[in-house]
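Okay, thanks for making time, everyone. Let me put the model up and then walk you through a few spots in it.

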Amino acid sequence: MASSPDMDEKRPQFGNRFLKDPSQVFQHNAWDNVQWSEEQEAAAKMKVLENSSQPLPPEKQEEYESKASNFWDDFYTIHENRFFKDRQWLFTEFPELSPSGRSHPDSAENQRMDFRQETGNVDKVYPGSSASYRLLEVGCGVGNTVFPILQTNNDPGLFLYCCDFSSTAVELVKTSPQYDSSRCFAFVHDLSDEKSSYPIPEESLDVIILIFVLSAILPNKMQDAISRLSKLLKPGGCILLRDYGRYDMAQLRFKKGRCLSENFYVRGDGTRVYFFTQDELGDMFTKAGLEKVQNIVDRRLQVNRGKQLTMYRVWIQCKYRKPCN
Ligand SMILES: C[S@@+](CC[C@H](N)C(=O)[O-])C[C@H]1O[C@@H](n2cnc3c(N)ncnc32)[C@H](O)[C@@H]1O
């Protein structure tokens, strides 16, 4: 999958290096917050019209849906965890994941107690039930986010759940020497399957992490998936998302014959990817009853100085919170 190196990069927070003089473009490896000209936007639109002009036939689409987890299993069988990269940006973009990012430890604990009293779940025991700060990563792959959190966040109250529908990926997480079952619980789960429940009660999570995973599921299953996740959040808890944005280089590079539906494509290895607008994501989170904390587009220009190539990346980053009532 070409996407993993796309998703990882070592860099400080958004917006640190701006390209003011286009003649300087090859002076650095990357530029932040790059403004697109109208011509560039129009050319991108044309490219997408072109590469989506012949969507794949319904029987092929059905096959990619019914065998989706097999394609990811194959991906992880081939690559295992070789795509592991430095993910320190996680903690600058999402301070909620670092020990100091837990804004009100007391209130989180109080909310947990409230939840247990209100629901009568005082005796309900589940993995991590005694923790005071619970995180869930959905579509965790081989733990590129999970392990940096476990290493960096030494909060004794922290418990991290992680799931993926690829059993090969989950097995790689569980057999990693970094996996600590006293602080983490990995399980197989299909985000888009409405019949499959999470092993955690409603209103029990402080943070849910979605990193380049929502884009991998069928667009018409996204809303329900987000609404189900929203139910798992405590009041005040939030969903953190980072994913592909509309007209990202990866979308423009698709050739004809890879498009499944508008802005949804299948890669050569059978894995799928959608390219979002900020509004589409905002609408989904709002419909799921969440309030916006952040919804930003990260337009970054990556530069291959050796080959004198420019690559325009578009990522969207969102934080949406469940109201405290
Ligand atoms: C692009 S990878 C990102 C992996 C990981 N979040 C990371 O940042 O390294 C997408 C992941 O989503 C998982 N995935 C795709 N569809 C899923 C679904 N319906 N339910 C759960 N996981 C899914 C894939 O198996 C894969 O591990």
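So, let's start on one side of helix H2: Glu38, Glu39, Lys45, Met46 and Leu49 are exposed there. By exposed I mean over 50% relative accessible area, buried is under 20%, and partly exposed is in between, with a 1.4 Å probe and protein chains only as cover. Helices here are DSSP runs of H or I with at least four residues, strands are runs of E with at least two, and both are numbered from the N terminus.

Quick housekeeping. This is a predicted model, so local features need pLDDT of at least 70 and side-chain atom pairs count only at pLDDT 80 or more, while totals for chains, interfaces and linings use all residues. Residues are numbered from 1 along each chain as its sequence is written, and side-chain values use heavy atoms, with hydrogens and water left out.

Back to H2. On the opposite side from those exposed residues, Ala44, Val48 and Asn51 are buried. They cover an arc of only 70 degrees around the axis, so they sit on the same side of H2; that arc is taken from the directions from the helix axis to the C-beta atoms. The helix runs over residues 38-51, 14 residues, and reaches 20 Å from its first C-alpha to its last, close to the 20 Å expected at 1.5 Å a residue. That expected span is 1.5 Å times one less than the number of residues.

A polar atom of its side chain lies 3.0 Å from the backbone oxygen of glutamine 251. I call that a polar contact, meaning a pair of N or O atoms within 3.5 Å; within protein, one must be able to donate a hydrogen and the other to accept it, and residues adjacent in sequence count only if both atoms are side-chain atoms.

Then there's serine 53, in the loop between H2 and helix H3 (58-66). Buried or partly exposed, this serine 53? Partly exposed, with a relative accessible area of 43%. A polar atom of the serine 53 side chain is 2.9 Å from the backbone oxygen of glutamate 50. Its C-alpha is also 10.0 Å from that of arginine 258, although the two are 205 residues apart along the chain.

Now the ligand. Which residues come nearest to it? Of the 21 around it, those are Tyr76, Gly139, Asp164, Asp190 and Ile211, where being near takes a heavy atom within 4 Å. A backbone N or O atom of glycine 139 lies 2.7 Å from a ligand nitrogen, and a polar backbone atom of leucine 191 is 2.9 Å from a nitrogen of the ligand. Asparagine 144 brings a polar side-chain atom to 3.3 Å from a ligand oxygen.

Most residues other than glycine have a negative phi. Glutamate 203, though, has a positive phi of about 55 degrees, and it's in the loop between strand S4 (184-188) and strand S5 (205-211). Asparagine 263 has a positive phi too, about 65 degrees. That one lies in the loop between strand S7 (259-261) and strand S8 (264-266), and at 8% relative accessibility it counts as buried.
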